Amino acid sequence: MDLKELYRDVILDHNKKPRNFGALAPPARHATGHNPLCGDRLEVYVQLQDDRIEDLRFEGAGCAISVASASLMTEAVKGKTLAQAQQLFEAIHHLLTDQAAPTPEFLGKLAALSGVREFPARVKCASLCWHTLNSALAAPAPIAVSTE
Ligand code: ZN
């Protein structure tokens, strides 16, 4: 099996069985992302503990690349600090937009997204979840509603 087939299998697997799928209740932060070029729509939920991403979930619907990318992102970012998440975001952005970019070791399974850069129209599908995560992190923490 060559690397291309391996990467394709990772994408197919995460599309079929998305990891960390579902919502998180407030006080988790939340943002909606929409890619009108393809019709992908994602909700990203993030629970911060100081500067660490304690929990991260997503839901929504879209093409295989958008769903697989979000699933891979949740696995990669969960438990990381904000600085580490930002480093991953920058590395992914570089990987998706620069044909010649090497694949850093620390990307792990996220390296499977490198195949997407051969299809520039799909880059926005793969990066949607990351932009949505950034929006969620920038959102003010919601007030938890209590009926007590
Ligand atoms: Zn898409």
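## Exercises: a zinc site and a helix

Cys38 has 34% relative accessibility, so it counts as partly exposed (buried is under 20% relative accessible area, exposed over 50%, partly exposed in between; 1.4 Å probe, protein chains only). The model is predicted: local features need pLDDT of at least 70, side-chain atom pairs pLDDT 80 or more, while totals for chains, interfaces and linings use all residues. Residues are numbered from 1 along each chain as its sequence is written, and side-chain values use heavy atoms, without hydrogens and water.

**Exercise 1.** Find the protein donors of the zinc ion.

*Solution.* Take N, O and S atoms within 2.8 Å of the metal (3.2 Å for Na, K and Ca); water is not among the atoms, so sites may look incomplete. Cys38 sits in the loop between strands S1 (29-35) and S2 (40-49), and Cys125 in helix H4 (residues 123-138), 87 residues apart. Helices (H or I, at least four residues) and strands (E, at least two) are DSSP runs, numbered from the N terminus.

**Exercise 2.** Is Cys125 buried or exposed?

*Solution.* Cys125 has 0% relative accessibility, so it is buried.

**Exercise 3.** Which residues of H1 are buried, and where do they lie?

*Solution.* List them: Tyr7, Val10, Ile11 and His14. Look down the axis of H1: they fall within an arc of 95°, so they line one face of the helix. The arc uses directions from the helix axis to the C-beta atoms. Their cover includes helix H2 (64-77), with contact meaning heavy atoms within 4.5 Å.
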